[in-house]
Amino acid sequence: MIRKDDVYLIGKLTKTHGLKGEVNFQFTDDVWDTTDSDYLICEVDGILVPFFIDEYRFRSDTTALVKFEDIDSADAAQFLVNSDVYFEKKYQEELDEDEVSLNYFIGFTMINGDNDSIIGEIVDIDDNTENWLFIVERANGDEVMIPAHEEFISEIKQEERQMVMDLPLGLLDL
């Protein structure tokens, strides 16, 4: 059984396309196209289910039409509409450091490299502007936004699911 701890969200299936079972896939991460995985994991009725990709084609930088094996009509594909699409974290670990998606780090603990104190847990990524931000939930429940800039990341400890940051003095006090 696939657990939510082993995957991360990469997009959503938004509608069927045509008559042969293709679905429109809005994605925020193209890791599925850059690794050796031949399936996507869709959430169907609260259960994470792998669906093997028969073929796909890109429509834009954030949209693809995907045809899954054994789904051969629009009616057969309809149950996938509005399904969240996930990708296994184990494939991210195979990628070079510069290819890893920021969404992979959701759930990591952010550590202050100056004094090894815990800043909080990365709960989301704000990609609405050119300068992306980690949304970090502090122990007291407050959220703080930390620039997702590589010059601030001093170490990534994948097995411990920790990101060590060297932040400018005073950034956490804002």
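A salt bridge is counted when a side-chain nitrogen of Lys or Arg lies within 4 Å of a carboxyl oxygen of Asp or Glu. The model shown here is predicted, so local features need pLDDT of at least 70 and side-chain atom pairs count only at pLDDT 80 or more, while totals for chains, interfaces and linings use all residues. Residues are numbered from 1 along each chain as its sequence is written, and side-chain values use heavy atoms, with hydrogens and water left out.

**View 1. A salt bridge between Glu43 and Lys4.**
In this close-up, the closest N and O atoms of Glu43 and Lys4 are 3.4 Å apart. The pair links distant parts of the chain: Glu43 is in strand β3 (residues 39-44), Lys4 is in the segment before β1 (7-17), and they are 39 residues apart. Helices (H or I, at least four residues) and strands (E, at least two) are DSSP runs, numbered from the N terminus. Using the salt-bridge rule, the count comes to six salt bridges. As a general point, side chains of opposite charge can pair when their charged atoms come close.

**View 2. A network that joins Asp54, Lys67 and Asp72.**
Start with Asp54 and Lys67, whose side chains meet in a salt bridge at 3.9 Å, N to O. Asp54 lies in strand β4 (residues 47-58) and Lys67 in strand β5 (residues 63-68), so this pair ties together parts that are 13 residues apart in sequence. Lys67 also forms a salt bridge with Asp72, and there the closest N and O atoms are 2.9 Å apart. Salt bridges that share partners join these residues, Asp54, Lys67 and Asp72, into one network.

**View 3. Asp72 in its loop, and its separation from Met110.**
Asp72 is placed in the loop between β5 and α2 (74-77). How many Å separate the C-alpha atoms of Asp72 and Met110? The separation is 45 Å, and the two residues are 38 residues apart along the chain. To put this in the setting of the chain, its C-alpha atoms fill a box of roughly 55 × 30 × 30 Å, taken along the principal axes.

**View 4. The largest nonpolar core.**
This core has 45 residues, and those with the most contacts inside it are Phe68 and Phe134. Strand β3 gives the most to the core, with five residues. A nonpolar core is a set of buried Ala, Val, Leu, Ile, Met, Phe, Trp, Tyr and Cys residues joined through side-chain atoms within 4.5 Å. In soluble globular proteins, nonpolar side chains tend to be buried together. For the chain as a whole, 41% of the 174 residues count as buried, and the secondary structure comes to three helices and twelve strands.

**View 5. Phe27 and Tyr86.**
Phe27 is found in strand β2 (residues 22-27). Phe27 is buried because its relative accessible area is 6%.

**View 6. Asp45 and Asn82, each with a positive phi.**
Phi of Asp45 is near 50°, a positive value in a residue other than glycine. Asp45 is in the loop between β3 and β4, and with 77% relative accessibility it counts as exposed. Asn82 is not a glycine either, and its phi is about 75°. Look for Asn82 in the loop between α2 and β6 (84-88), where Asn82 is exposed with a relative accessible area of 52%.

**View 7. A negative surface patch.**
Which residues form this patch? They are Glu121, Asp124, Asp127, Glu137, Asp142 and Glu143. Patches are made of residues with over 30% relative accessible area and no salt bridge, with like charges joined within 9 Å and nonpolar side chains (Val, Leu, Ile, Met, Phe, Trp, Tyr) within 5 Å. Glu137 lies in strand β9 (residues 133-137) and is partly exposed, with a relative accessible area of 35%.

Terms used
Accessible areas come from the Shrake-Rupley method with a 1.4 Å probe; for residues, only the protein chains shown count as cover. Lys and Arg count as positive and Asp and Glu as negative; His and the chain ends are not counted. The place of a charge is taken as NZ of Lys, CZ of Arg, CG of Asp or CD of Glu. Buried means under 20% relative accessible area, exposed over 50%, partly exposed in between (1.4 Å probe, protein chains only).
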